[in-house]
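Good morning, and thank you for coming.

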Amino acid sequence: MANKVNAAKKKIRKNEKTRYERVVRHRQVLEREKYVEKALARTCNIYFICFLLAVILVVGVTIWVFVSGGNNMLVLGINVAVGIVLVPLCIYQYNQYHHMAEEVAQARQASGFRFPEDYSVRTRQARDKVAGVPSDYSRSTLLYGGVTIIAVAVGIYLFSTSAHLTQSLTSLLLVAAVFVVAVIAFVLFLFNFLNYLDALSLQRALVKIEQDAEAEFGLKRGMYAAHDDDEEVEAADDAVEEVVEQAVDEIDELA
């Protein structure tokens, strides 16, 4: 009888531990996918900002060329070429990341969805890129931040030291290129910095999920443990009674 009771208790504890691990894993997966959705949506917004900057750059340089008398046709040609490549690329990437963010959002609400196996190939690839740890973003954040500062400093220096900047096509293109690099580096710095903060928040959230689950299941385990102690005491009493009864029977037989 005691063996059956112990076996039943072990089975209960094993099932409870399995359910605890399953619940923790499910909650952590959903939390991670929530982070992935946010990172993909941010990437989508980054490409939208790049699209706006590209349009402003193309329109602004075109207006400047015609206002200045149309002497800088080389600048106009380069500007149009950049616009033809950059604007459609930003729109394409914006649409792609927008669809991927929607796919992750719908997957989080779907029942029985397997993460990440049931994602499309492109979404899985994008997910692997954004679902990193804080150290993956800290180095790139510092790198792009340094590039931004250097580019801005060089641009200001060139602009302040070139007295005939508007008359020198080479100097003008150099300053424009430096400031474009500064803008791109700043956007990448901001993107990686926000991903770094989100990765820190994700790690804290995953730890909190484990702590909450331990508190939730720990209460039940405590109840089971108290119940187990009572059963062990009863089993020990029964065993003592059986030993005493056997000893009494042996004494009676000898007498």
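Across the whole structure, which is a predicted model, a search finds six salt bridges. Side chains of opposite charge can pair when their charged atoms come close.

Please look at Arg 108 and Glu 37, whose side chains meet in a salt bridge with 2.7 Å from N to O. Arg 108 belongs to helix H2 and Glu 37 to helix H1, so this pair ties together parts that are 71 residues apart in sequence. Arg 108 counts as partly exposed, at 25% relative accessibility. Glu 37 is also partly exposed, at 21%.

A second salt bridge joins Asp 198 to Arg 42, with the closest N and O atoms 2.6 Å apart. This pair links distant parts of the chain, since Asp 198 is in helix H5 and Arg 42 is in helix H1, 156 residues apart. Are these two residues buried or exposed? Asp 198 has a relative accessibility of 10% and counts as buried. Arg 42, at 12%, counts as buried too.

Our third example is local. Asp 212 forms a salt bridge with Lys 208, and their closest N and O atoms are 3.0 Å apart. Both residues lie in helix H5, four residues apart, which is about one turn of the helix. Asp 212 is partly exposed at 38% relative accessibility, and Lys 208 is partly exposed at 47%. Salt bridges that share partners also join Lys 38, Arg 42 and Asp 198 into one network.

Let us turn to the aromatic rings. How many aromatic pairs does a search of the whole structure find? The search finds eight. One of them is formed by Tyr 47 and Tyr 97, and this pair is stacked, with 5.7 Å from centre to centre and 25° between the planes. It links distant parts of the chain, with Tyr 47 in helix H1 and Tyr 97 in helix H2, 50 residues apart. Tyr 47 counts as partly exposed, at 24% relative accessibility, whereas Tyr 97 counts as buried, at 13%.

Phe 113 is partly exposed at 23%, while Tyr 119 is buried, with a relative accessible area of 4%.

Helix H3 deserves a separate word. Which of its residues are buried? They are Thr 123, Ala 126, Arg 127 and Val 130. These residues cover an arc of only 105° around the axis, which puts them on the same side of H3. The face turned away from that buried side carries the exposed residues Asp 128 and Lys 129.

Finally, let us consider the surface. A nonpolar patch of about 790 Å² includes Leu 57, Ile 78, Tyr 92 and Val 180. The elements giving two or more residues to this patch are H2 and H5. H2 provides the largest share, six residues. Leu 57 is found in helix H1 and is partly exposed, with a relative accessible area of 33%.

Definitions and conventions. Residues numbered from 1 in each chain as written. Predicted model: local features only at pLDDT ≥ 70, side-chain atom pairs only at ≥ 80, totals over all residues. Heavy atoms only, no water. Buried < 20%, exposed > 50% of the residue type's maximum accessible area, 1.4 Å probe, protein only. Arc of directions from axis to C-beta. Phe/Tyr/Trp six-rings, centres within 6.5 Å; stacked < 30°, edge-to-face > 60°. Patch = residues over 30% accessible without salt bridge, like charges linked within 9 Å, V, L, I, M, F, W, Y side chains within 5 Å. Areas by Shrake-Rupley, 256 points an atom, 1.4 Å probe, with all protein chains shown as cover. Salt bridge = Lys/Arg side-chain N within 4 Å of Asp/Glu carboxyl O.
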